[in-house]
Amino acid sequence: MITVNSDGKIMVRRCLVTLRPFRIFVVGIGFFTLCFLMTSLGGQFSAKRLGDSPFTIRTEVMGAMESRGVLRKMSDMLEMMVKRMDVLARLENSSDFRKGEELQFPMDRFHPAVGLMERIQAIAQNVSDIAMKVDQILRNSLLNGKPTEGRRDQCEVPRDSKYPDCPGKVEAAFQRDLSYLLELIGSGKESLIFMKKRIRHLATQWLRASQNLEQKLEGKQRDHKQILIHIGFLTEESGDVFSPRVLKGGPLGEMVQWADILAVLFILGHSLKITVSLKELQSNLGVPPGRGNCPLTVPLPFDLIYTDYHGLQQMKQHMGLSFKKYRCRVRVIDTFGTEPAYNHEEYATLHGYRTNWGYWNLNPKQFMTMFPHTPDNSFMGFVSEELNGTEKEFIKSNKANNMAVVYGKEASIWKLSQSKEKFLAILNKYMEIHGTVYYETQRPPEVPAFVKNHGLLPQHEFQQLLRKAKLFIGFGFPYEGPAPLEAIANGCVFLQARFNPPHSSLNHEFFRGKPTSREVSSQHPYAEDFIGRPHVWTVDYNNSEEFEAAIKAIMSTKVDPYLPYEYTSEGMLERIHAYIQHQDFCATAALPDKSNSHTMQSSSSSFSLQPNSTYLAWAHNSSSAASSWPPVNSMQVWVSDAGQACTTTCQQHGLVCEPEFFKFINNKVVFQQLNIICDSTESEMNHLYPAVAENVRECYLQKEPLLFSCAGCNNKYQRLCPCRSYRKGQVALCRDCW
């Protein structure tokens with residue numbers, strides 16, 4: 001019997017009455033959950049009745065995909081209710097206690113309420129556990145069958161060993177409902193939230209681009225691929241240093257690129273699996289956790305795998321011997337590129353090119369870069385926000401000619417040196433300087449007092465700042481990020497420093513250890529070489545007169561917003577479509593058996609020397625490489641100067657070096673057609689071959705196909721360089737390449 005005053009009795013009675021609906025709620029939730037599970041999972045069992053089609057099972061599994069999402073929402077709702085009940089209980093207790101100090105009965109009298117809370121929490125946990133079990137069931141069914149998460153509206157194509165190529169021949173339809181992609185990406189990390197925001201922000205742009213490309217490709221076959229995307233640098237095992245820095249001005253270039261890659265692959269109609277943890281990777285590869293590095297026991301269910309260097313290492317560790325079998329399906333997102341000399345394990349070890357990031361023995365074209373600076377690799381890229389005609393006119397009429405924005409969100413970039421103080425003082429004479437440097441409570445001391453610092457801005461506010469400013473100025477770091485292209489697209493002029501001597505792994509700490517010998521002549525070589533003036537000015541910041549003259553000229557120069565086609569959504573969709581349809585690194589090696597190489601012994605050639613010229617072109621009547629991609633009719637063969645790389649040689653002739661064509665020119669007959677006298681011809685492993693040491697008339701052919709390289713030079717050699725034409729604004733593709 002409760003022995004308290006009448007007010008106490010009334011309060012206990014009120015509390016129990018208030019909680020009575022929750023008892024009904026508990027029973028209701030339990031009943032609803034049971035019915036829901038029978039509905040969502042029951043189809044999988046009912047589909048196994050005699051006479052049911054095997055496709056029925058697949059349909060029910062796909063229906064359960066939504067069931068899993070609803071279960072998760074139920075769990076979240078229950079957790080939210082528990083929190084709100086807890087808050088309300090505390091509020092009511094405090095309110096009632098304030099009403100009268102005479103209420104001094106023991107709190108343990110409210111055990112029924114506490115027990116009810118515990119029951120609701122238990123139900124929430126049970127629903128969460130059920131959701132996880134449903135998730136495991138679905139994963140197992142997809143792995144044992146075929147993954148189709150990327151296409152909810154498409155029936156699965158049956159696989160038959162008699163017709164192994166059948167699934168790949170099914171035409172992929174463009175997918176324009178990005179909500180499902182956002183669901184696939186998941187959450188829980190700031191980096192993933194950033195990517196999803198970017199995809200949402202550019203959704204209209206992606207939609208318009210996909211419609212344009214679909215019209216261009218009308219009537220062309222588009223194979224449907226099963227694709228695994230494993231973002232290794234976001235896994236906890238790799239440290240995930242990016243996620244904590246997203247909100248603090250850290251580098252976002254990699255996440256910008258990955259967000260756009262996810263959007264492109266999804267929109268092109270492929271089925272995607274996205275992982276950002278080692279556990280998810282193991283599950284999707286069919287490797288049980290803790291298994292070690294044994295080979296896979298089931299065939300890899302993915303046609304392509306997009307990952308990064310961290311993910312590549314994780315895959316090798318957990319796939320065992322199967323990694324060598326399936327590595328031809330991998331595409332590695334690699335910001336700064338990997339040159340062939342660093343990629344070939346034996347050669348890199350013997351000749352001093354081995355680094356922590358190279359030696360994978362992949363086809364160099366499997367590495368995909370942010371900018372087209374390494375033709376030995378494939379250019380992946382990213383997209384910038386596009387403006388319509390009205391927006392461009394508005395920007396042009398509202399530019400502030402005396403306003404500059406500094407490229408650099410981290411305070412460390414602003415650390416003043418004598419040279420920085422000089423050019424900032426000059427800039428301050430002519431322009432109002434704005435910064436977007438991250439800070440928490442106090443203004444960063446590295447930022448000079450005359451700079452108006454806005455702090456770290458959301459993307460749309462940063463865009464508005466760029467649309468108002470005349471100048472976007474770089475301090476020399478970070479290298480090759482997306483921001484300068486965004487600024488140019490918003491009508492800014494980009495001013496950057498020229499590096500003399502160029503920065504490379506030989507003289508600069510940032511590049512040391514990276515698998516490339518590339519020399520970087522400015523903060524953003526792509527902007528310098530492919531865009532140039534009037535949009536991009538590259539000057540010597542140590543020369544005060546040159547710097548000041550550039551500022552004056554920029555202030556009086558009118559420029560329109562400009563964005564290269566290859567950095568539009570349509571340009572990226574077009575490029576990646578071409579790669580997926582045409583790049584096949586699992587085919588037989590390009591060169592025949594090295595011990596009896598046809599390239600050494602052939603007495604015929606498919607080239608002809610052009611009249612009044614010193615280069616070779618593919619003979620129009622030749623059909624020996626009809627299936628080659630890029631098409632060989634876009635090829636020209638030039639001889640470099642001594643000490644010159646093929647990248648430079650081709651560029652001088654308005655062309656780009658194409659490493660896929662080396663296999664056609666690795667032939668002693670080609671030397672003869674170019675009127676090169678060879679007293680001897682040898683075949684060796686060297687990333688500079690084929691080449692000629694002209695002073696001694698020695699000619700060299702390449703012995704190892706993986707070492708064909710556009711990069712690299714030596715004063716001893718003149719190199720044979722396979723060049724090709726390219727489409728203006730789409731350097732990765734020739735005129736007939738897609």
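Helices (H or I, at least four residues) and strands (E, at least two) are taken here as DSSP runs and are numbered from the N terminus. The model is predicted, and local features are reported at pLDDT of at least 70, side-chain atom pairs at pLDDT 80 or more, whereas totals for chains, interfaces and linings use all residues. Residues are numbered from 1 along each chain as its sequence is written, and side-chain values use heavy atoms, with hydrogens and water left out.

A search of the whole structure identified 2 cavities of 30 Å³ or more, a cavity being a set of points on a 1 Å grid over the protein atoms alone where a 1.4 Å probe fits but cannot get out, with lining residues having an atom within 4 Å of a point. The second largest cavity has a volume of about 50 Å³, the volume being the space filled by probe spheres set on the points, which are joined across faces, edges and corners. Its lining consists of Leu 304, Tyr 306, Arg 331, Met 368, Tyr 579, Ile 580 and Gln 583, and at least two of the lining residues come from each of strand E3 (304–307) and helix H19 (569–582).

Helix H19 also packs against helix H6 (residues 203–216), the two axes coming within 8 Å and crossing at roughly 50°, where axes are lines fitted to C-alpha atoms over the stretch in contact and angles run from 0 to 180 degrees between N-to-C directions.

Terms used
1 Å grid on protein atoms, 1.4 Å probe; cavity = no way out; pocket = protein on both sides within 12 Å on 5 of 7 lines; lining within 4 Å.
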